[in-house]
Amino acid sequence: MSASVLFDAPGPKARVRNVIYTVVGFAALLGGIAWVILRLNEKGEFDPALWDIFNYAGIRQNILDALLATLKVFALAGVFSLVFAVFLCVARLSDHKPVRWVAVAFIDLFRSIPLLITIFALWVGILGSLTPFWALVVGLTIYNGCVQAEVLRAGINAVPKGQKEAAYAIGLRKSQVMTLVLFPQAIRSMLPTIISQLVVTLKDTSLGFMILYPELLHSARLIANNTPVNGVYPFVQTVAVFGAIYIGLCLILSWIATWIEKRGRRAKTGIKVASAKEPAASEVAQASGTTVLTVPDPRGETIVDTTPDSSS
Amino acid sequence: MNVLLDNLSLFREGFIGTLKLTGASALVAIVLGVIVAGFRVSPVPPLRIFGTLWVTLLRNTPLTLLFLVAFFVVPKVLFPDLDSFLLAVAACGFYTSAFVAEAVRSGINTVPLGQAEAARSIGMTFTQTMRLIVLPQATRTVVPPLSSIFIALTKNTAIAGAFNNVDLFNVSKTLSNDGYDITMIFIWITLAYLIVTYAINGLFRLLEHRLEVAR
């Protein structure tokens with residue numbers, strides 16, 4: 001339902017009231033922003049010298065290195081977690097009970113442990129000595145692999161039953177049914193959700209901060225701590241710059257997800273494409289059953305949930 | 001094997017710390033989330049803009065960055081004397097509120113059109129429509145995603161442990177520095193988190209059954 005269903009087309013009185021609200025609302029919004037800016041100014045955070053540090057070649061190089069370090073972890077963890085997810089998903093849907101149980105236990109276990117603790121344990125040495133880089137990559141891979149496996153499973157379950165039956169009927173083997181029929185359709189329909197989860201992976205690379213891996217956040221802290229300007233540490237400035245970098249990266253990925261979702265909705269094929277809702281930092285559908293992902297409806301009925309909101 | 005027995009009081013403190021952080025942040029997140037979701041569908045444009053900005057900014061920022069802001073920028077610029085618990089609750093609560101707002105908004109979208117239309121046709125205002133008709137019905141669809149959001153919140157509070165709050169992650173760090181075997185610490189901490197997450201899961205299942213009405 002679009003936002004306009006919730007209220008009437010405004011009459012003369014309501015229009016006046018809306019104008020008043022608009023003025024007051026904007027005033028409040030601007031007032032809040034102005035207050036923050038005033039406080040920042042009072043503390044001298046707008047001193048050009050404090051912002052000038054980002055013109056130093058060394059600091060620019062630092063930021064670039066950190067960005068590359070973050071992207072490196074993200075790329076590796078992203079690829080590994082997807083590969084791992086495919087294996088876990090196959091195990092989860094296996095016909096052999098023990099394999100299925102192991103997969104279920106593994107997925108449930110690692111989805112309910114905070115990623116930070118997994119990474120910390122890996123770093124301290126639960127699997128021998130890992131460098132911060134590999135601790136981060138392995139931790140992200142395990143955790144996101146589990147989440148992505150559940151996403152894939154939801155996708156496979158949403159493929160109409162007839163597809164699988166038809167594939168078996170023409171004599172394909174189990175592995176062929178999976179690779180040729182089920183996975184392609186599942187991946188296509190779940191792509192928006194998979195990418196949304198990749199956004200989470202990207203955000204979670206910032207946990208490398210805790211185990212001293214020199215990614216963006218870590219270098220932000222270093223820069224803030226090591227370049228005092230006239231005795232003032234430029235925390236506000238670095239947070240602003242690095243926050244903008246993170247938000248930019250995540251928004252690009254989110255837009256890709258939304259774009260694919262829109263593109264998929266246009267195509268008139270059997271199964272629906274899931275909406276690109278961004279899973280919460282770990283969107284755990286605990287145990288089974290309460291999956292949060294909007295599973296595409298196999299019968300092709302409208303899912304009201306996915307209607308775009310005019311206000312957004 | 002004796003990590004747990006030797007440090008029972010520390011573990012208890014950490015467990016309670018995690019519970020306290022989760023509970024307080026959940027409260028903040030629910031209140032803010034419902035308000036922001038209301039803003040996003042409201043007839044007043046600046047509120048809609050504010051709601052959209054809030055959700056977009058917070059959903060695309062790593063929680064760790066929010067913690068940096070909360071612990072290094074906020075005390076320096078805005079409020080100098082807040083203790084670390086309040087700051088951690090603010091960071092976790094604000095972050096989660098964006099996800100709650102999205103869940104509530106999609107819940108609002110699943111309420112059949114006729115409901116809001118009927119409410120309007122008997123002359124209800126926007127706030128009345130929301131408060132009396134739409135939100136109560138949206139609750140039913142919002143409960144399952146909320147449960148996973150809160151489980152995610154429970155795990156996110158671990159980050160607060162890295163910023164000098166006493167919680168389970170903090171305990172594991174302390175014990176690991178004391179030279180205990182990380183494997184045993186990991187197992188016990190995991191068990192503690194499993195207890196919390198399964199408790200939340202069970203609680204929400206119960207809630208779901210209570211709210212279940214044949215439609």
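Predicted model: local features only at pLDDT ≥ 70, side-chain atom pairs only at ≥ 80, totals over all residues.

At which residues of chain B does UniProt place the feature "transmembrane region"?

Analyst: The unreviewed UniProt entry places "transmembrane region" at residues 21-41, 53-73, 85-104 and 185-207 of chain B. Take residues 85-104 of chain B: this span is 100% helix and 0% strand, with its end C-alpha atoms 27 Å apart. For residues 21-41 of chain B, the figures are 95% helix, 0% strand and 30 Å between the end C-alpha atoms.

Now to α5(B) and its partner α7(B). Their axes lie 8 Å apart, and the two helices pack at an angle of about 155°. An angle over 145 degrees counts as roughly antiparallel, so α5(B) is roughly antiparallel to α7(B). The crossing of α5(B) past α7(B) is right-handed. On the α5(B) side, the residues making the contact include A88(B), F99(B), V100(B) and I108(B), while α7(B) brings, among others, V134(B), L146(B), I149(B) and L153(B). By class, this contact has 15 nonpolar residues, 6 polar ones and no charged ones.

In all, 62 residues of chain B contact 59 residues of chain A. Among the helices of chain B that each supply at least two residues to the side touching chain A are α5 (84-110) and α7 (126-162). The largest share, 16 residues, comes from α7(B). That side of chain B is made up of 38 nonpolar, 17 polar and 7 charged residues.

Note on methods
Residues numbered from 1 in each chain as written. Chains lettered and ligands numbered in written order. Contact = placed C-beta atoms within 7 Å. Helix = DSSP H or I, 4+ residues; strand = E, 2+ residues; numbered from the N terminus. Nonpolar A, V, L, I, M, F, W, Y, C, P; charged D, E, K, R; others polar. Axes fitted to C-alpha atoms, helices over the stretch in contact; angles between N-to-C directions. Parallel < 35°, antiparallel > 145°, perpendicular 65-115°, else oblique. Left-handed = near helix turned anticlockwise from the far one by under 90°. UniProt positions renumbered as here; feature names shortened; annotations may be inferred.
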